[in-house]
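Here are a few notes to go with the model. Have it open while you read them.

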Amino acid sequence: MTGFIDIFGQDRAIDQIVRAWGADRLPHGLIFAGPTGVGKKLTANTLGGLFLCEKPQGDRACGKCDSCRVYPSGNHPDYHYIYRQLVRIEKSELKARDLSIDVIRPYLLEPASRKPAMNRGKVFVIEEADLMSSGAQNSMLKTLEEPFGRALIILLTNAPDSLLPTIRSRCQLVRFMSLPVEKVKSELARRGYAAQDALEGAVLSEGSLGRAISFIDQGVVAATRELRKRLDGLNAGQGSGDLPDWLREAAKAYAAKQLEIDDKASEDQMTREGLALYLKLMSQYFRRRLTMCEAAAMEAFCGGIDAIVQAEGFIDSNVNIVLILQALAVRLERVFRVA
Ligand SMILES: [Zn+2]
């Protein structure tokens, strides 16, 4: 089983948790706040295993009791992992854009009010907790305050300020940090990734080991190399070429990978998420160029970034993706047209 020692680069957060655990002062509610992919979920999972262990050895689960034996399978009856796509099990026609009461009621409130299946209490971990509707957040206040029996509720979020003050005041905040790019790069190399992948994955993920790994494994790093070539051409006044089609295909490939991982995800939503990712990488490209260019080129790069920001604004609307990309290509060509 994973121990806290296996969590990479989050010493302060781990120290805070281990000290509270050691002093028997772990609150019912915890907020793990920090960027995606820096270890919040792994830490919650590790703490959950420790919390449910029948004979913990200090800050390590024993690895031998009934609870520890079933825990690594992911099917522990008292460990509840809650995420927005669960709504599609309850009501398949609903879009899983936020975490509504339709998820919180059956997956948190109801099991929280029942006796645990084994005898060490219950753990609930809520992914992207800031996406909970205010109704969903309000519905869990009582459970956070006075849970039925021994319980631990961990909210994972990259935007803790978006949670209601009433939720925040009932939980202890644990902050997880982005890691230095250099540190992510060397950890990736240590795990056997090729040097170029390690470097590019570390830069693209902005200091998140988990994201860097998924970017490499899911082909985002390789696709970004292609994207860079196209942007170099655009920058040289060669027009946008097949950029709109390329972006659409890259976003579709991204969605296909996400559906392999989670078959409850929505293809349309994942395509839009993929597109948002590649647009973000495009604006990163122009931003990096901005820092090393002459005044004349600066205006073009700023114009490029503005065009991308406008396209990003349309992604979550109902506007057709093809139209968004065509409009973006027209604007980019105008900005980078050679006189
Ligand atoms: Zn155990």
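1. In this predicted model, the protein splits into two stretches: domain 1 covers 4-175 and domain 2 covers 218-336. Taken over C-alpha atoms, the centres of domain 1 and domain 2 sit 35 Å apart.

2. Have a look at the largest nonpolar core, which has 87 residues. Phe-32 and Ile-154 are the ones that touch the most other members. Domain 1 (4-175) and domain 2 (218-336) both contribute residues, so this core lies between them.

3. What does Phe-32 touch, leaving out residues up to four places away in sequence? Its contacts are Lys-40, Thr-43, Ala-44, Ile-154, Leu-156, Val-174 and Phe-176.

4. Next, a helix pair. The axes of α12 (residues 220-235) and α13 (residues 243-261) are 11 Å apart, and the helices pack at an angle of about 170 degrees. Anything over 145 counts as roughly antiparallel, so that is how α12 runs relative to α13. On the α12 side the contact uses Val-220, Ala-223, Arg-230 and Leu-234, and on the α13 side Leu-243, Trp-246, Ala-250 and Tyr-254. Sorted by type, the contact residues come out as seven nonpolar, no polar and one charged.

5. Two backbone spots to check. Asp-24 is not a glycine, yet it has a positive phi of about 55 degrees. Asp-24 sits in the loop between α1 (11-22) and β1 (29-33), and it is exposed, with 6 other C-beta atoms within 10 Å.

6. Glu-206, also not a glycine, has a positive phi of about 50 degrees. Its loop is the one between α10 (195-204) and α11 (209-217). Glu-206 is partly exposed, with 17 other C-beta atoms within 10 Å.

Conventions
Residues are numbered from 1 along each chain as its sequence is written. This is a predicted model: local features need pLDDT of at least 70, side-chain atom pairs count only at pLDDT 80 or more; totals for chains, interfaces and linings use all residues. Axes are lines fitted to C-alpha atoms, for helices over the stretch in contact, and angles run from 0 to 180 degrees between N-to-C directions. Helices (H or I, at least four residues) and strands (E, at least two) are DSSP runs, numbered from the N terminus. Angles under 35 degrees count as roughly parallel, over 145 as roughly antiparallel, 65 to 115 as roughly perpendicular and the rest as oblique. Two residues are in contact if their C-beta atoms, placed from the backbone, lie within 7 Å. Ala, Val, Leu, Ile, Met, Phe, Trp, Tyr, Cys and Pro count as nonpolar, Asp, Glu, Lys and Arg as charged, and the others, Gly among them, as polar. A nonpolar core is a set of buried Ala, Val, Leu, Ile, Met, Phe, Trp, Tyr and Cys residues joined through C-beta atoms within 7 Å. A residue is buried if 20 or more other C-beta atoms lie within 10 Å of its own, exposed if 12 or fewer, and partly exposed in between; C-beta atoms are placed from the backbone. Domain bounds come from an automatic or database domain assignment.
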